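New notebook page, and a structure I have not looked at before. I'll jot down what I look up as I go.

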Amino acid sequence: MDEIQKRVEKCFENVFPDVPAGEILHCSQATNPKWDSIAAITLVNVIEDEFGFQMDFDILPELNSFDRVLCYVKTQVQG
Amino acid sequence: MRVTDALKILNDAPKTGKPFEVALACGFTPLHLQIFLAAYLQQALPSRRVTVSTGLYGSLARTIEEEAERGARNLAIAIEWMDLDPRLGYRASAVWDSSTLPDILSFVRKALERLTGSIEGLPSGTKVAISTPTLPLPPFFHSSSWQMSEPESLLAKMVTEFAAKMASLAIPIVNTAYLSEESAPDLRYDLKSDLLFGLPYTQGHADKLAFALSRLLCPPNSKKGIITDLDDTLWSGLVGEVGPEGIRWDLDSHSGLHALYQSLLASFAEHGILVGVASKNDPKVVEKAFERTDLLLHKERAFPMEVHWQAKSSSVERILRAWNISADTVVFVDDSPMELAEVAAAHPGIECIQFPGRDYAAGYDMLRRLRDLFGKQKLSTEDHIRLDSIRQSAKFQDAAAESTPESFLQDAKAIVHFDFESSRDARALELVNKTNQFNLNGIRYTESDWASELSHPNAELMVTSYEDRFGLLGKIAVILGHLEGSTLHVRTWVMSCRAFARRIEYVCLRICFDRYGVRQINFDFLATEMNGPLREFLTHLVGQTPGEQVTLTQERFEQVCPALYHTVEDARSRSVNG
């Protein structure tokens with residue numbers, strides 16, 4: 001598992017402490033009822049804290065699953 | 001604090017901790033404010049499980065009214081302009097013209113009146129913390145932003161009057177001056193986040209505001225006493241060298257910082273904070289210096305005065321003994337880093353602050369820090385008599401040492417007063433939370449916990465006051481228990497250390513047996529690092545080292561109770577002399 005994925009997982013664990021560790025990789029807005037608009041903003045805040053870049057709120061609707069968030073973060077970090 | 005840190009604090013909170021529930025009333029989406037408030041409260045109450053719930057979006061007064069019906073124990077209220085009139089928010093799409101201003105002013109007045117009524121209608125014992133509007137008004141006034149328009153000044157006036165009304169009801173309000181220093185006004189509002197999600201606060205502002213609200217809901221224990229050096233601290237100059245007339249604290253000699261420090265100490269003394277002196281000097285010279293009438297801290301306000309050539313740490317030790325408080329509740333101020341280090345090494349826990357000489361910025365910071373260390377939400381009658389009470393204790397101890405215990409106590413003319421209707425008396429809770437030595441189990445209560453304990457159907461509260469021929473000690477003991485048949489189950493019992501050696505603890509128990517007609521008293525005892533005096537007393541009472549549940553029968557009590565010479569006053573004004 002790569003380092004960025006580990007860090008994104010940690011962010012998810014912080015925002016969704018009730019999701020079992022093994023299920024975080026499959027977490028999405030469709031499968032997790034606690035992933036509402038407020039949680040989405042919190043997730044953005046936590047990712048910003050972790051990776052030190054600013055995210056644009058406009059992209060929020062697209063970041064609706066772990067995979068998509070990870071992909072977005074990798075794009076930002078690795079360019 | 002970052003959101004990540006706040007979430008970590010909350011996720012790490014003990015899952016089985018006793019709940020500490022707070023309702024956050026605000027008219028907007030409080031996401032960050034809610035998270036940060038919960039995290040700061042969790043930090044303040046690490047053994048509890050803090051939860052912060054929110055009410056209806058867009059309806060502040062209704063949320064408060066619903067919380068009142070629900071019997072909320074802790075309520076944080078964050079008011080913004082849009083809560084007072086939606087047209088004062090950026091999301092309202094209102095028409096901003098001068099014709100609507102009178103209507104807005106009238107609307108705001110009514111909204112504040114409704115808020116006042118809602119807050120006054122909260123159940124007794126609800127702990128409330130309020131912040132008045134922190135965000136900028138929208139730019140719909142005729143003047144430029146650097147000019148205060150009349151409607152803006154009227155809005156500010158109404159909010160200030162509301163704050164004054166709340167303060168008069170002893171409801172704590174976030175100090176707007178403090179918030180301005182901590183959270184720059186131009187960095188508070190996030191227009192994009194407000195328009196997109198209804199989140200008006202920047203994260204930084206939500207953090208600072210949450211911290212202030214948490215401090216109001218769960219105030220930290222304030223320090224009890226300050227020990228000050230004299231030369232180049234209380235005044236400028238070495239009194240032993242320049243003489244009493246040569247020391248200065250005036251503007252002309254550029255020593256005004258010392259005058260400010262003296263003023264602060266005088267104000268502390270007025271508020272019941274203990275002020276002592278530890279100085280390496282000739283006592284006769286210092287006595288002369290304190291005769292100067294222009295000194296802002298008068299001699300009678302400082303006690304004890306330790307003036308000699310011995311180590312400062314020994315002076316501090318004697319002062320702590322006279323005050324009968326622990327080092328961690330005291331601040332020591334001196335201009336010498338060496339003296340500070342010597343005292344810090346000898347008295348772990350004492351807070352040492354260096355008087356900053358002519359570094360005015362550091363001086364300003366020191367004055368503010370001292371205010372924060374000693375600040376308290378409310379003043380009580382006991383605050384005003386504390387110093388006299390300590391002097392009285394010293395006189396009592398001196399006189400006691402000169403005679404036999406029985407004859408001394410017999411002649412003390414002690415009067416013990418019992419009050420059973422003190423549920424609203426903040427002093428009772430203050431005593432419980434500040435007493436360490438004669439404390440049944442060391443359990444501390446938040447205001448809402450205390451209110452909850454008192455609301456128990458079988459709860460009995462007894463607050464004891466004391467005076468004798470040496471003077472008044474004021475309220476010095478609290479017993480909180482539950483009456484269960486022929487047993488009084490004591491959950492909390494504290495007595496101020498100033499009241500030791502007067503047999504008041506025996507009088508308290510006799511009154512419990514007498515008033516409640518019980519045959520035994522059970523104590524929820526728990527040994528702590530500091531409650532040795534209470535443990536020794538219980539050991540004497542029951543004849544063995546106390547466990548977690550201690551039972552004292554009336555028969556046993558009568559066997560071990562010494563002669564009591566007190567005049568007892570209670571609702572029935574009966575005496576238990578002899």
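This is a predicted model: local features need pLDDT of at least 70, side-chain atom pairs count only at pLDDT 80 or more; totals for chains, interfaces and linings use all residues.

**Entry 1: chain A**

I started with contacts in chain A: of those between residues at least 6 apart in sequence, 56% join residues at least 24 apart.

Next I looked up the secondary structure of chain A and found three helices and zero strands. Read from the N terminus, the elements go α-α-α.

**Entry 2: chain B overall**

Chain B comes to 22 helices and 17 strands. Its radius of gyration is 27 Å, close to the 25 Å that the globule rule gives for 578 residues, so chain B is as compact as a globular protein of that length. I noted a span of about 85 × 70 × 45 Å for its C-alpha trace, along the principal axes.

Buried residues are 39% of the 578 in chain B. For contacts with a separation of 6 or more, 71% are between residues 24 or more positions apart.

**Entry 3: where the chains touch**

**Entry 4: a parallel sheet in chain B**

Here I traced an open sheet of four strands, in the order β2-β1-β3-β4 of chain B, with parallel pairing. Which strands are at the edges? They are β2 (48-54) and β4 (127-131) of chain B, each pairing on one side only. On average, neighbouring strands of this sheet are turned by 20° against each other, direction ignored.

I then zoomed in on β4(B). It runs parallel to β3 (74-78) of chain B, and five bridges join the two. I picked out two of the facing pairs: B:I77 has B:I130 as its bridge partner in β4(B), and B:N74 stands opposite B:K127.

β4(B) is an edge strand, so I checked its burial too. Five of its five residues are buried, so β4(B) is largely enclosed by the rest of the structure. In a regular strand, side chains alternate between the two faces of the sheet. In β4(B), B:K127, B:A129 and B:S131 point one way, while B:V128 and B:I130 point the other way, and all are buried.

What lies across this part of the sheet? Helix α9 (203-217) of chain B lies across β1 (18-26), β3 and β4 of chain B, and runs at about 150° to β4(B).

**Entry 5: two hairpins in chain B**

Further along I followed β12 (459-468) and β13 (471-484) of chain B, which pair in the antiparallel sense over 10 bridges. A hairpin with two residues in the link joins β12(B) to β13(B). One facing pair I noted is B:Y466 with B:G474 in β13(B).

β13(B) also runs antiparallel to β14 (487-495) of chain B, with eight bridges joining them. Here the bridge partner of B:V478 is B:V494 in β14(B). These two strands form a hairpin as well, with two residues between them, and B:G485 in the turn has a positive phi of about 65°.

**Entry 6: helix α14 of chain B**

Last stop is α14 (337-346) of chain B. Which of its residues are buried? I found B:E339, B:L340 and B:V343. They cover an arc of only 100° around the axis, which puts them on the same side of α14(B). The face turned away from that buried side carries the exposed residues B:P337, B:M338, B:A341 and B:A345.

I also looked up what covers the buried residues of α14(B): α13 (312-323), β8 (330-334) and β9 (351-354) of chain B are included.

Technical notes:
Residues are numbered from 1 along each chain as its sequence is written. Chains are lettered from A and ligands numbered from 1 in the order in which they are written. A residue is buried if 20 or more other C-beta atoms lie within 10 Å of its own, exposed if 12 or fewer, and partly exposed in between; C-beta atoms are placed from the backbone. The arc is that of the directions from the helix axis to the C-beta atoms. Two residues are in contact if their C-beta atoms, placed from the backbone, lie within 7 Å. Two strands pair if DSSP finds at least two bridges between them. Axes are lines fitted to C-alpha atoms, for helices over the stretch in contact, and angles run from 0 to 180 degrees between N-to-C directions. The radius of gyration is taken over C-alpha atoms; the globule rule is 2.2 Å times the number of residues to the power 0.38.
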